[in-house]
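Q: I am new to this structure and would like to learn how to read it. Could we walk through it together, one feature at a time?

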There are 2 protein chains.
Amino acid sequence: MGRWEPDARGRMIRAAVELFGERGFEQTTAGHIAERAGVTERTFFRHFTDKREVLFDSTGAMDRVTREAIEAAPADLPPLSAALVGVVAGGDLLADRHEHAARRSRIIEVNPGLRERELLKLAGMVTATADALRARGVAEPAASLAAHSAVAVFQVAFAHWVSAEDPPALADCIEAAAAVLRALE
Amino acid sequence: MGRWEPDARGRMIRAAVELFGERGFEQTTAGHIAERAGVTERTFFRHFTDKREVLFDSTGAMDRVTREAIEAAPADLPPLSAALVGVVAGGDLLADRHEHAARRSRIIEVNPGLRERELLKLAGMVTATADALRARGVAEPAASLAAHSAVAVFQVAFAHWVSAEDPPALADCIEAAAAVLRALE
DNA sequence: AGTGTCGATGTCAGTCACTGTCATCCTCGG
DNA sequence: CCGAGGATGACAGTGACTGACATCGACACT
């Protein structure tokens with residue numbers, strides 16, 4: 001690996017979060033981030049496909065965990081329940097970092113471009129969930145609809161969790177939202 | 001309005017769809033579109049906030065129609081049903097333009113940036129729907145969840161409708177998807 | 001030690017999306 | 001005939017992102 005300072009990627013992520021918090025996303029250039037991280041702008045773009053992506057580095061892991069949890073769920077669990085098991089497992093990756101999640105959400109919230117990217121990541125979660133459901137034999141369009149519903153539950157629960165002063169358990173937020181969804185007519 | 005050729009906006013939209021179809025989105029510069037439309041690049045950006053936006057000019061109208069349909073729906077209709085009335089009404093704006101919708105979708109489908117923008121527009125539809133539901137007295141998080149569900153139904157139904165060789169009625173696709181959603185466990 | 005491969009980085013030049021600014025030009029009302 | 005206003009053209013500038021090429025240092029192999 002490194003003959004230079006190690007963990008260049010991590011340094012860039014931290015630098016970016018700091019700078020976005022200090023001066024805002026748009027006022028921060030890729031060069032600023034690179035400079036604070038002690039690398040070149042070119043290196044920044046070798047690690048992240050775009051300037052936004054630096055805030056979404058862990059979404060791949062969430063997709064994977066979600067998928068695996070659904071695969072591991074009891075075979076007789078109905079589609080929506082299985083999908084919810086998945087998003088709960090994915091949410092667990094954030095559960096103990098409420099502070100960090102809140103700071104990050106505050107940055108994303110105020111920037112349309114970043115919200116757009118977040119939606120793309122959520123769409124990726126929908127795809128992962130639907131794939132995993134199909135792998136258990138759930139047919140279309142039930143798989144996609146269950147996946148969309150579960151991720152919607154996640155979104156609503158996450159938004160509530162993040163904005164809460166006294167952080168409840170994310171899993172509880174998800175369960176509560178799921179209960180409301182099931183009660184819908 | 002115009003002392004120059006009228007309908008500059010419409011010309012740019014048509015030019016853009018043509019060029020995106022001919023050479024692809026990324027290979028088409030804003031200058032190309034402007035040139036074919038007989039205007040300046042600067043003028044293009046006066047009409048559209050971004051290069052992508054030229055493909056999403058009618059989404060504002062869909063949001064409005066969706067909102068109005070929900071307002072006009074019977075007061076005793078439960079949240080999800082009311083939301084579905086909304087997206088059906090919104091879908092009606094596209095119902096008789098299957099060919100155009102299909103061509104547009106083909107362009108969007110293959111470009112991550114355009115899919116991202118589409119997701120933002122769908123998120124706008126969720127917001128419009130949730131707002132309209134709250135205006136009828138539906139509380140949170142039920143309003144958001146019903147809105148998300150209805151738009152998910154719309155997405156799934158629209159995707160099926162667009163990819164169908166022999167175009168069925170979009171409203172029927174939506175109803176069918178809604179039935180599957182309600183049968184979920 | 002000597003050497004060569006290889007992955008990660010630096011350097012540089014270039015394209016294109018997008019913006020601010022200012023002059024210009026119809027179109028309409030007076 | 002004249003002035004205000006809206007839309008456009010012309011132009012310069014910033015910043016995101018990319019491609020090509022040189023470099024450096026760890027590691028393996030000899």
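A: Happy to! Let us begin with helix packing: axes are lines fitted to C-alpha atoms, for helices over the stretch in contact, and angles run from 0 to 180 degrees between N-to-C directions. Please keep in mind that this is a predicted model.

Q: At what angle do helix α6 and helix α7 of chain B pack, and how far apart are their axes?
A: Two packed helices are described by the angle between their axes and by the distance between those axes. In chain B, helix α6 (residues 98-109) packs against helix α7 (residues 112-135) at about 115 degrees, and the axes are 7 Å apart.

Q: Which residues of α6(B) and α7(B) meet?
A: From α6(B) come B:Arg104, B:Ile107, B:Ile108 and B:Glu109, and they meet B:Leu114, B:Arg115 and B:Glu118 in α7(B). Sorted by class, this contact of α6(B) with α7(B) has 3 nonpolar, no polar and 4 charged residues.

Q: Which residues have the most contacts inside the largest nonpolar core?
A: A nonpolar core is built from buried nonpolar residues joined through their side chains. Here the largest one has 84 residues, and A:Phe154 and B:Phe154 have the most contacts inside it. Leaving aside residues up to four places away in sequence, B:Phe154 touches B:Met62, B:Val87, B:Gly91, B:Leu94, B:Leu122, B:Met125 and B:Ile174.

Q: How many residues does each chain give to the contact between chain B and chain A?
A: Chain B and chain A give 28 residues each. The area buried between the two chains is about 2,300 Å², with 74% of it from carbon and sulfur atoms. B:Glu116, B:Leu145 and B:Glu185 supply 27% of the area that chain B buries against chain A, more than any other three residues.

Q: How many salt bridges are there between chain B and chain A?
A: The count is 4. One pairing to look at is A:Glu116 with B:Arg117, whose side chains meet in a salt bridge at 2.8 Å, N to O.

Q: Why does B:Ser58 count as partly exposed?
A: Partly exposed covers the range between buried, under 20% relative accessible area, and exposed, over 50%. B:Ser58 counts as partly exposed because its relative accessibility is 39%. You can find B:Ser58 in the loop between α3 and α4 of chain B.

Conventions:
Residues are numbered from 1 along each chain as its sequence is written. Chains are lettered from A and ligands numbered from 1 in the order in which they are written. This is a predicted model: local features need pLDDT of at least 70, side-chain atom pairs count only at pLDDT 80 or more; totals for chains, interfaces and linings use all residues. Side-chain values use heavy atoms; hydrogens and water are left out. A nonpolar core is a set of buried Ala, Val, Leu, Ile, Met, Phe, Trp, Tyr and Cys residues joined through side-chain atoms within 4.5 Å. Buried means under 20% relative accessible area, exposed over 50%, partly exposed in between (1.4 Å probe, protein chains only). Contact means heavy atoms within 4.5 Å. Helices (H or I, at least four residues) and strands (E, at least two) are DSSP runs, numbered from the N terminus. Ala, Val, Leu, Ile, Met, Phe, Trp, Tyr, Cys and Pro count as nonpolar, Asp, Glu, Lys and Arg as charged, and the others, Gly among them, as polar. Buried area is the accessible area (1.4 Å probe) that two parts lose on being put together, summed over both.
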